[in-house]
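The briefing below takes them by topic.

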Amino acid sequence: MSRRVTVVTAVHGPSARFLPDAYASLRAQLLPDGWEWEWVVQQDGTTDDVRPYVPDDARVTFRQGRPGGPGVARTIALARAEGTYVKVLDADDRLTPGALARDLAALEADPTVGWTTCRVLDLLPDGSTVGFPGDPDEGPIERGAVLGHWERNGFRAPVHPASLCVRRELLVALGGWMALPASEDTGLLLALNAVSRGWFSAQAGLLYRKWEGQVTGQPAHDDPAELKARRAVAAARARALAGFGWGYPPAPAVPAPPVPATPPAP
């Protein structure tokens with residue numbers, strides 16, 4: 001029986017036209033023997049302008065729901081996620097060849113790694129790509145490293161949450177994406193790293209499309225009061241999780257000492 005990785009995509013009307021490009025990048029993925037992918041597409045809303053762009057493929061499921069933002073759409077999509085691992089693919093982004101195989105290789109090789117990210121390139125409107133300075137080296141990301149870097153570097157994470165691939169059970173245990181109007185993926189990344197090690201692939205695995213309609217480019221995304229609140233609650237969640245001492249994988253249960261037998265009555 002094949003093992004499965006679930007690719008989760010939140011989409012709304014303005015980004016729907018990019019779904020065919022995302023699908024083409026997914027179809028181009030070559031997975032190891034015994035693996036397959038499924039694509040769970042969840043519309044953030046109930047309008048009629050998304051469905052025409054959803055491909056007719058038995059591996060693809062599409063549902064709609066009342067608007068709540070991309071974090072809500074992705075989290076409710078987990079009800080249909082049957083894979084061992086969950087890979088994020090935003091509707092306007094594209095995977096590079098081999099991206100899924102590299103994620104699977106890292107997660108399958110080390111059970112102490114709960115999630116992976118990779119190098120991301122901006123995909124500009126003219127089709128050119130631009131990289132980010134300061135990517136970490138290929139290899140593990142130890143617990144707590146992301147929060148520390150994020151706070152020391154102007155709230156910029158060392159790795160990109162849009163490239164996340166995560167163990168499904170760990171994602172569900174943390175409640176999915178944060179209930180925030182934005183930065184819900186950064187909040188999840190901070191929480192994941194508070195309880196588990198990650199892995200960074202230095203090979204570019206995601207093309208992050210830059211276009212004028214994207215949500216992160218709108219003025220509301222940088223509203224100072226909201227931005228301060230989003231950062232505060234994301235950091236508080238990560239610190240609370242780290243403080244509880246729980247981690248992934250969970251420590252083996254310590255068996256209770258045997259109960260001494262009650263001596264017989266004289």
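This is a predicted model: local features need pLDDT of at least 70, side-chain atom pairs count only at pLDDT 80 or more; totals for chains, interfaces and linings use all residues.

## Helix packing

In helix α4, which spans residues 145–152, the residues V146, L147, G148 and W150 are buried.

**Around α4**
- After α4 comes G154, a residue whose phi is positive, near 65 degrees.

**The pair α6 and α7**
- Helix α6 (residues 184–195) packs with helix α7 (residues 224–244) at an angle of about 15 degrees, and their axes are 8 Å apart.
- Because angles under 35 degrees count as roughly parallel, α6 and α7 are therefore described as roughly parallel to each other.
- The crossing in which α6 passes α7 is right-handed.
- On the α6 side the contact is made by G187, L188, L190, A191, A194 and V195, while α7 contributes A234, A235, R237, A238, L241 and A242.
- Sorted by type, the residues of this contact of α6 with α7 comprise 10 nonpolar, 1 polar and 1 charged.

**The buried side of α2**
- In helix α2, which covers residues 70–77, the buried residues are G71, A73, R74 and A77.
- These residues lie on the same side of α2, because they cover an arc of only 165 degrees around the axis.
- An α-helix has 3.6 residues a turn, so residues three or four places apart point the same way.
- The buried residues of α2 are covered by elements that include the strands β1 (3–11), β2 (35–44) and β4 (85–88), together with helix α6.

Note on methods
Residues are numbered from 1 along each chain as its sequence is written. Side-chain values use heavy atoms; hydrogens and water are left out. Axes are lines fitted to C-alpha atoms, for helices over the stretch in contact, and angles run from 0 to 180 degrees between N-to-C directions. Helices (H or I, at least four residues) and strands (E, at least two) are DSSP runs, numbered from the N terminus. Angles under 35 degrees count as roughly parallel, over 145 as roughly antiparallel, 65 to 115 as roughly perpendicular and the rest as oblique. A crossing is left-handed if the near helix is turned anticlockwise from the far one by less than a right angle, and right-handed if clockwise. Contact means heavy atoms within 4.5 Å. Ala, Val, Leu, Ile, Met, Phe, Trp, Tyr, Cys and Pro count as nonpolar, Asp, Glu, Lys and Arg as charged, and the others, Gly among them, as polar. Buried means under 20% relative accessible area, exposed over 50%, partly exposed in between (1.4 Å probe, protein chains only). The arc is that of the directions from the helix axis to the C-beta atoms.
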